[in-house]
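Here are my notes on this one, in the order I would go through them with the model open. Have a look and see whether you read it the way I do.

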Amino acid sequence: MLASFYLGFTPLAASILLAALSLASYALYAKDKTAAQTNRWRISERTLHTAALLGGWPGALIAQKRLRHKTKKASFRVVFWLTVAINSTGIAWLHTPKGNIQLRAGITKVEHAAISYIHQDTALEVILLITQFRSRPEWTQ
């Protein structure tokens, strides 16, 4: 996603959002692993898959490997890799002309909402900074 930002396809906010989702996914797996070891209330597989589908799959994958959690159940792994494929397809679509136009329209709505509702100059500047698109190099246009 950072390369996508650098090439002007996505704003920095997309990279920040995906990093946050990955951290959240890792935390969910860690909490579920601890709950499994201590016979406490578990996090549902649906929640873990939703976090992966929304873009947290890199953190989920790292958690699976490092924590040795959710690696044996075949049905879970199949659904997990399906969420990876769906999320990756969605990200690839953002790099198509139609997808990028829709992404830019959505970001414009977020910026207008921020301008309307946020009255603290510093917070507004940060939001507008991270939602900006870099100019695309000539060879990517």
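**Notes on the model**

1. Let's start with a loop residue: Arg68 sits in the loop between helix 3 and helix 4. Its phi is near 50°, a positive value in a residue other than glycine. Most residues other than glycine have a negative phi, which is the reason to stop here. Arg68 counts as exposed because its relative accessibility, 69%, is over the 50% cut-off. Keep in mind throughout that this is a predicted model.

2. With 74% relative accessibility, Asn39 counts as exposed.

3. Now the overall picture. The C-alpha trace spans about 50 × 40 × 20 Å along its principal axes. Of the 141 residues, 31% are buried. Taking the contacts with a separation of 6 or more, 65% are between residues 24 or more positions apart.

4. How do helix 5 and helix 6 pack? Two packed helices are described by the angle between their axes and the distance between the axes. For helix 5 (residues 97–117) and helix 6 (residues 121–130), the angle is about 175° and the axes are 10 Å apart. That makes the two helices roughly antiparallel, because the angle is over 145 degrees. On the helix 5 side the contact is made by Glu111, Ala114 and Ile115, and on the helix 6 side by Leu124, Ile127 and Leu128. By class, the residues of this contact divide into five nonpolar, no polar and one charged.

5. Thr108 also belongs to helix 5. Is Thr108 buried, exposed or partly exposed? Thr108 has a relative accessible area of 34%, which lies between the 20% and 50% cut-offs, so this residue is partly exposed.

6. Next, the largest pocket, with a volume of about 280 Å³. Its lining has 16 residues, and Ala14, Leu17, Leu18, Ile91 and Leu94 are the ones that lie nearest its centre. The elements giving two or more residues to that lining are helix 2 (12–37), helix 3 (45–67), helix 4 (74–94) and helix 5. The lining residues divide into 14 nonpolar, two polar and no charged.

7. Gln64 is worth a click. Gln64 lies in helix 3 and is buried, because its relative accessible area of 6% is under 20%. Which residues does Gln64 touch, leaving aside its neighbours within four places in sequence? The contacts are with Tyr29, His69, Lys70, Thr71, Phe76 and Phe80.

8. Finally, Leu23, found in helix 2. Leu23 counts as exposed, since its relative accessibility is 62% and the cut-off is 50%. From C-alpha to C-alpha, Leu23 and Ala60 are 8.4 Å apart in space, while in sequence they are 37 residues apart.

Notes: Residues numbered from 1 in each chain as written. Predicted model: local features only at pLDDT ≥ 70, side-chain atom pairs only at ≥ 80, totals over all residues. Heavy atoms only, no water. Helix = DSSP H or I, 4+ residues; strand = E, 2+ residues; numbered from the N terminus. Buried < 20%, exposed > 50% of the residue type's maximum accessible area, 1.4 Å probe, protein only. Axes fitted to C-alpha atoms, helices over the stretch in contact; angles between N-to-C directions. Parallel < 35°, antiparallel > 145°, perpendicular 65-115°, else oblique. Contact = heavy atoms within 4.5 Å. Nonpolar A, V, L, I, M, F, W, Y, C, P; charged D, E, K, R; others polar. 1 Å grid on protein atoms, 1.4 Å probe; cavity = no way out; pocket = protein on both sides within 12 Å on 5 of 7 lines; lining within 4 Å. Points joined across faces, edges and corners; volume = space filled by probe spheres on them.
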